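Me: I would like to learn how to read the features of a model with care, one at a time. Could you take me through this one, giving the general idea before each case?

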Amino acid sequence: MHPKHATLGLACVMALAACGDRTPPPATDAPATPAPATTPASPDGNAPAPGASTGPDPMPAPQTQDGQPGQPGAGGKPEATVLNCSTTIEGNDAMQFNVGSITVPSACSEFTITLRHTGALPVNTMGHNVVIALASDRSGIATDGMAAGADAAYVKPGDPRVIAHSEMIGGGQTTSVSFPVSKIQGAGPYEFFCSFPGHWAMMHGTIQVGG
């Protein structure tokens with residue numbers, strides 16, 4: 001080979017070796033961007049408004065069975081209407097008085113309670129009366145009254161714990177009882193209740209002397 005041609009060939013081989021493999025490396029995937037946090041959806045599928053609380057709903061205010069705020073007196077029942085040192089209350093076949101409290105005017109020396117039985121059941125199955133006594137004596141009076149029987153209007157004869165009591169009446173009947181107001185001006189508290197067996201636990205209310 002001609003020496004000039006051999007030198008040219010060697011130079012080309014050396015140039016190719018110096019260049020090497022210049023192929024760029026394959027591109028790598030960019031790191032994934034995390035998705036923004038989402039706000040939990042409300043039960044109806046809509047997202048709550050910004051700033052809305054996601055905690056539990058506040059507890060509703062207590063209500064009575066008819067959904068209205070309780071009235072003064074026992075069991076949320078209204079106070080009896082008093083006129084001329086007397087009042088009229090009602091008892092029914094559901095073992096309920098229609099009032100929960102009686103306030104006796106302090107100007108009265110004697111007070112009268114009239115009881116109307118607005119039901120239809122007879123006295124031997126759904127009799128009602130009115131007994132006035134200390135609240136703490138109600139259970140004992142009723143227990144002894146049950147032993148005394150229907151002929152005694154379910155009130156033990158001569159019971160010193162009883163301030164006053166009416167007769168026992170059935171559906172459609174009316175009775176009254178009067179007593180000195182001074183009898184309910186002690187330490188109290190005092191109650192009116194029905195002493196028919198089983199009724200005294202439900203049929204009772206407060207009675208007190210007011211202004």
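Me: What covers the buried residues of H3?

Reply: A word on the source comes before the answer. This is a predicted model, in which local features need pLDDT of at least 70 and side-chain atom pairs count only at pLDDT 80 or more, while totals for chains, interfaces and linings use all residues. Residues are numbered from 1 along each chain as its sequence is written, and side-chain values use heavy atoms, with hydrogens and water left out. Helices (H or I, at least four residues) and strands (E, at least two) are DSSP runs numbered from the N terminus, and a contact means heavy atoms within 4.5 Å. The cover over the buried residues of H3 includes strand E4 (131-134), strand E5 (162-165), strand E7 (190-193) and strand E8 (204-210).

Me: Which residues of H3 are buried, and where do they lie around the axis?

Reply: Buried means under 20% relative accessible area, exposed over 50%, and partly exposed in between, with a 1.4 Å probe and protein chains only. In H3 the buried residues are Arg-138, Ile-141, Ala-142 and Gly-145. They lie on the same side of H3, because they cover an arc of only 95° around the axis, the arc being that of the directions from the helix axis to the C-beta atoms. The helix spans residues 138-148 and is followed by Gly-149, whose phi is positive, near 90°.

Me: Is Arg-138 buried or exposed, and what does Arg-138 touch?

Reply: Arg-138 counts as buried because its relative accessibility is 14%. Leaving aside residues up to four places away in sequence, Arg-138 touches Glu-191, Phe-193, Trp-200, Ala-201 and His-204. The side chain of Arg-138 also reaches the backbone oxygen of Trp-200, at 2.9 Å.

Me: With which residue does Arg-138 form a salt bridge?

Reply: Side chains of opposite charge can pair when their charged atoms come close. The criterion for a salt bridge is a side-chain nitrogen of Lys or Arg within 4 Å of a carboxyl oxygen of Asp or Glu. Arg-138 forms one with Glu-191, the closest N and O atoms being 2.6 Å apart. This pair links distant parts of the chain, since Arg-138 is in helix H3 and Glu-191 in strand E7, 53 residues apart. Glu-191 is buried, with a relative accessible area of 9%.

Me: How many salt bridges does the structure hold, and which residues are linked in a network?

Reply: The structure holds 4 salt bridges. In one of them the side chains of Glu-90 and Arg-116 meet at 3.2 Å, N to O, and the pair links distant parts of the chain, with Glu-90 in strand E1 (residues 86-91) and Arg-116 in strand E3 (residues 110-117), 26 residues apart. Glu-90 counts as partly exposed at 25% relative accessibility, and Arg-116 counts as partly exposed at 39%. The network of salt bridges links Asp-144, Asp-159 and Arg-161. Within it, the side chains of Arg-161 and Asp-159 meet at 2.8 Å, N to O; Arg-161 is partly exposed, with a relative accessible area of 27%, whereas Asp-159 is buried, at 8%.

Me: What is the mean pLDDT of the protein, and where does pLDDT stay under 50?

Reply: pLDDT is the predictor's confidence in each residue, from 0 to 100. The mean for the protein is 78, and 64% of its residues reach 70 or more. Over residues 1-72 pLDDT stays under 50, and for these the model has 19 contacts beyond four places in sequence.

Methods: Polar contact = N/O pair within 3.5 Å; in protein donor to acceptor, adjacent residues only side chain to side chain.
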